[in-house]
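Here is a short tour of a structure, meant to be read with the model open beside you. Please have the viewer ready before you start.

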2 protein chains.
Amino acid sequence: MALTNPVDSMPMGPWKITVYDQEYFQGRRMEFTACCQNINDFCMETVRSLKVECGAWVGYEHSSFCGQQFVLEKGDYPRWEAWSGSNAYRIERLMSFRPVYSACHKDSRMMVYERELFMGRQWELCDDYPSLQAMGWFCNEVGSMQVQSGAWVCYQYPGYRGHQYIMECDCHGGEYKHYREFGSHAQTFQIQSIRRIQH
Amino acid sequence: MALTNPVDSMPMGPWKITVYDQEYFQGRRMEFTACCQNINDFCMETVRSLKVECGAWVGYEHSSFCGQQFVLEKGDYPRWEAWSGSNAYRIERLMSFRPVYSACHKDSRMMVYERELFMGRQWELCDDYPSLQAMGWFCNEVGSMQVQSGAWVCYQYPGYRGHQYIMECDCHGGEYKHYREFGSHAQTFQIQSIRRIQH
């Protein structure tokens, strides 16, 4: 059967995610190939486990793509702890999700700045950085970011831990001028690891 | 002042970690440049925050390098949640730690096998894999592993989340034949992301 959208017009697609309303892939089950703004609209209270079958996705704590963000790449997520990266703030809800439109992984590029509004020292990223400080950045904070290409995920702590902030060239025009634009739950400039999101 | 060990004989070194017995870099403070088998020997009850200043380290829940493992790369870890990756099993202890002797990052190589004892399908890794399944592996498990070069960290879930297992060519002869050898806390073959440890 032909795809509804020819692959030509969707070079990074297609996307597919299967969500369940119970842990360990039990209970009510739904498949999605595009964004879901509120899982309650599909008679689920919340998502308690999921499988990403195709593409990269971002999940949100609240409906309408609000609250904590979680990057979701191909694989199995049997419980909330599999997608939440922050231990301090226990998130057992996942209410909305959408595909991530990442560029070809090898072409991902972004600029990080010392201070807000793209000021101060700057550094161009084009790789994965489990420790920004080990790889050349001078402190544990990033003041602002500009995504030229691709989709990225930034983390509070080294080694891809703590709060996750998904940054895309197609959102906000790729511009993240202040930590308040990193995500609705960001409360500091602290960013210590960054990586590209692969499709 | 000259280093005690000339850099020539320690191409990946030197290492340095500063640990504190209170959160947010408060309280009693100690610097280490080599392994610490039991922090109690230094009049600290446990480590509650730390800064990796040089090199990559692995921290352990218990003394004598036992219990859950945490890869520690350059940067600031203000609270236990910064190093623990698993939310299910809340770890607020870090009792021992040691340097990781990673090869030159670009030369890291390891082989993963479908089944224990290096049997079944196999795949050579030489990069970072936020989702093994997205990048070619056929399931959410790895039966055994052989590290040819460098140091690696394997994770239970995609996106570098969940339990961490540090794998080194210099430990066990680089051979990890069964999940019981992945780490003292491993209880399944589930491994969904793997990356190199950078110095």
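Beyond its neighbours within four places in sequence, A:E141 is in contact (heavy atoms within 4.5 Å) with A:F189, A:Q190 and A:I191. The C-alpha atoms of A:E141 and A:Q190 are separated by 4.3 Å, although the two residues are 49 residues apart along the chain. You will find A:E141 in the loop between β9 (119-125) and β10 (144-149) of chain A; strands here are DSSP runs of E, at least two residues long, numbered from the N terminus. With a relative accessible area of 35%, A:E141 is partly exposed, a class that sits between buried (under 20% relative accessible area) and exposed (over 50%), using a 1.4 Å probe and protein chains only.

A word on the ground rules: this is a predicted model, in which local features need pLDDT of at least 70 and side-chain atom pairs count only at pLDDT 80 or more, while totals for chains, interfaces and linings use all residues. Residues are numbered from 1 along each chain as its sequence is written, chains are lettered from A in the order in which they are written, and side-chain values use heavy atoms, with hydrogens and water left out.

A:Y160 is not a glycine, yet its phi is positive, about 65°. A:Y160 belongs to the loop between β11 (151-157) and β12 (161-168) of chain A, and at 2% relative accessibility it counts as buried. B:S64, also not a glycine, has a positive phi of about 55°. B:S64 sits in the loop between β4 (57-62) and β5 of chain B and is partly exposed, at 36% relative accessible area.

Now for the interfaces. Chain A is divided into domain 1 (16-100) and domain 2 (109-196), with bounds that come from an automatic or database domain assignment. The C-alpha centres of these two domains of chain A lie 24 Å apart. The table sets the domain interface beside the one between the chains. Buried area is the accessible area (1.4 Å probe) that two parts lose on being put together, summed over both. A salt bridge is a side-chain nitrogen of Lys or Arg within 4 Å of a carboxyl oxygen of Asp or Glu.

| Interface | Buried area | Salt bridges |
|---|---|---|
| Domain 1 and domain 2 of chain A | about 1,000 Å² | 2 salt bridges |
| Chain B and chain A | about 3,200 Å² | 0 salt bridges |

Within chain A, A:R98 forms a salt bridge with A:E168, the closest N and O atoms being 2.7 Å apart. Strand β5 (residues 66-72) of chain A gives the most to the side of domain 1 that touches domain 2, with 6 residues. By class, that side of domain 1 of chain A has 7 nonpolar, 6 polar and 2 charged residues; Ala, Val, Leu, Ile, Met, Phe, Trp, Tyr, Cys and Pro count as nonpolar, Asp, Glu, Lys and Arg as charged, and the others, Gly among them, as polar.

Between the chains, 39 residues of chain B are in contact with 38 residues of chain A. Carbon and sulfur atoms give 45% of the area buried between chain B and chain A. On the side of chain B that touches chain A, β5 (66-72), β6 (75-77), β11 (151-157) and β12 (161-168) of chain B each supply at least two residues. The residues of that side of chain B divide into 16 nonpolar, 12 polar and 11 charged.

Note on methods
Helices (H or I, at least four residues) and strands (E, at least two) are DSSP runs, numbered from the N terminus.
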